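This report describes how two protein chains are built and how they meet. Please keep the sequence and the structure in view while reading.

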Amino acid sequence: MTNTWYLYLFFAAALVFAGLLGLLLRRSLIKLFIAIEVVAKGISLLLLGTGFAKDNILVAQTLVVTFIVVEVSLVATALALIINIARQAKSLDIRQLSRLKG
Amino acid sequence: MIVQTALLIGLVLFSVLAILLRDLLKSAISLAAASLLLGVVFFRMNAPYAGVFEISVVAGLITVLFILTIALTKAGDEVRESRAVNWVFPLFFAAFIIIDALVMKGLLQKIPALASGAETGTFGDVLWKGRTFDLVGQIAVILAGVFAVLALFRKRDKHD
C-alpha cells in the first residue's frame, strides 16, 4: 500500500511544483490562472491518493467534492475579475497592472 | 498499477503543456485533457463521485469558462512572455522531479495522515451525516461566488 501512496504523492508534488513554476514565470493573467488550476489538480490528487492508501476513500471523496465546488466559485469570480481588468487596462500583462494608480 | 502510472504521467504531461504552450486556447484544452485523465484516475481508485465531479465540472464547466474568457479578452494574445520560460521551466522541473523521487520515500513515514481503518456506510452517509457542515460551507461559497460575479458585471450608474 505504501507503494501506491508513494506514487500518488510523487505525482501530486510534481503537479503542485509545475503550477508554482508557472505562477513564477508567466506574465499573462489567464496563464497564471491556468497554473493555479494545475496546483488545484495536484491537491485533489493528494487528498484522494492519501484517502485511497489509508482506506478512507469515502471521506477523501467528500473532501474532493467540496474542494471542486470551492474551485468552481473561485474560477468564476477570478475570470470575471480578469475580464474587468482586461476591459479597463486593455491588457492582460501583469507588468501593466503594477503601473495603475488608485 | 502500470495503467495508473501511465495515466498519471499523461496527467503531468498535459498539465505541463497547459503551462508551456503559447496559445491560450490550446493550453485551456490541454488543461481539460489533464482533468479528464485525473477523472479516469479517480474512477480507477474506486472514487466514482469524485471522478464524475472532476470530469463534468472541472473538465467541462471550467474549460467552458476559460474559453469564454479567452474569447472576451482579445488583448490576452498580445502579452509578451519572457523567453527564459522555454529553458528555465524544463530545467527546474526536471531537477524537482529528481529531488521528488529521492526525498518522497523518506517523507512518507513523517507525513501526518488520517488513521487507517475500513469505513462503513456509503458515500451518501458520509457526505450527509458526517460532513454536514461542509455542505453548509459549500452553499455559502457558491452564494459568495454568485454575488461576486453579479457585483463585477453590474451596469454602472451615470454618477460613477
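The model is predicted.

## Chain A

Chain A contains four helices and zero strands. Along the sequence, its elements follow the pattern α-α-α-α.

The radius of gyration of chain A is 17 Å, whereas a compact globule of 102 residues would have one near 13 Å. Along the principal axes, the C-alpha atoms of chain A fill a box of roughly 55 × 25 × 15 Å. Of the 102 residues in this chain, 52% count as buried.

## Chain B

Chain B has six helices and zero strands. From the N terminus on, the order is α-α-α-α-α-α. The domain assignment divides chain B into domain 1 (1-75 + 85-108) and domain 2 (120-154). The centres of domain 1 and domain 2 of chain B, taken over C-alpha atoms, are separated by 25 Å.

For 160 residues, a compact globule would have a radius of gyration near 15 Å, but the value for chain B is 21 Å. The box filled by the C-alpha atoms of chain B is roughly 60 × 45 × 25 Å along the principal axes. Buried residues make up 24% of the 160 residues in chain B. Among contacts in chain B with a separation of 6 or more, 47% are between residues 24 or more positions apart.

## Packing of α2 and α3 in chain B

In chain B, the axes of α2(B) and α3(B) come within 8 Å and cross at roughly 175°. The angle is over 145 degrees, so α2(B) is roughly antiparallel to α3(B). On the α2(B) side, the residues that make the contact include B:Leu24, B:Ala28, B:Ser35, B:Leu36, B:Gly39 and B:Phe43. On the α3(B) side, they include B:Pro48, B:Glu54, B:Ile55, B:Val58, B:Phe66 and B:Ile70. By class, the contact of α2(B) with α3(B) has 17 nonpolar residues, four polar and one charged.

## The contact between the chains

Which chain gives 68 residues to the contact, and which gives 58? Chain B supplies the 68 residues and chain A the 58. On the side of chain B that touches chain A, at least two residues come from each of α1 (2-20), α2 (24-44), α3 (48-72), α4 (85-107), α5 (123-130) and α6 (132-152). The most come from α3(B), with 12 residues. The residues on this side of chain B divide into 48 nonpolar, 13 polar and seven charged.

From α1(A), the contact is made by A:Leu7, A:Phe11, A:Ala14, A:Leu15, A:Ala18 and A:Gly22. From α1(B), it is made by B:Thr5, B:Leu8, B:Leu11, B:Val12, B:Ser15, B:Val16 and B:Ile19. The contact of α1(A) with α1(B) has 10 nonpolar residues, three polar and no charged ones.

## Two residues of chain B

B:Ile55 lies in helix α3 of chain B. Is B:Ile55 buried or partly exposed? With 19 other C-beta atoms within 10 Å, B:Ile55 is partly exposed, because a buried residue needs 20 or more. Leaving aside neighbours within four places in sequence, B:Ile55 is in contact with B:Ser35, B:Leu36 and B:Gly39. The C-alpha atoms of B:Ile55 and B:Gly39 are 5.4 Å apart, while the two residues are 16 residues apart along the chain.

B:Lys105 is placed in helix α4 of chain B. B:Lys105 has 14 other C-beta atoms within 10 Å and is also partly exposed. Between B:Lys105 and B:Thr73 there are 44 Å in space, C-alpha to C-alpha, and the two are 32 residues apart in sequence.

Methods: Residues numbered from 1 in each chain as written. Chains lettered and ligands numbered in written order. Predicted model: local features only at pLDDT ≥ 70, side-chain atom pairs only at ≥ 80, totals over all residues. Contact = placed C-beta atoms within 7 Å. Nonpolar A, V, L, I, M, F, W, Y, C, P; charged D, E, K, R; others polar. Rg over C-alpha atoms; globule rule 2.2 N^0.38 Å. Buried ≥ 20, exposed ≤ 12 C-beta atoms within 10 Å, placed from the backbone. Domains from an automatic or database assignment. Axes fitted to C-alpha atoms, helices over the stretch in contact; angles between N-to-C directions. Parallel < 35°, antiparallel > 145°, perpendicular 65-115°, else oblique.
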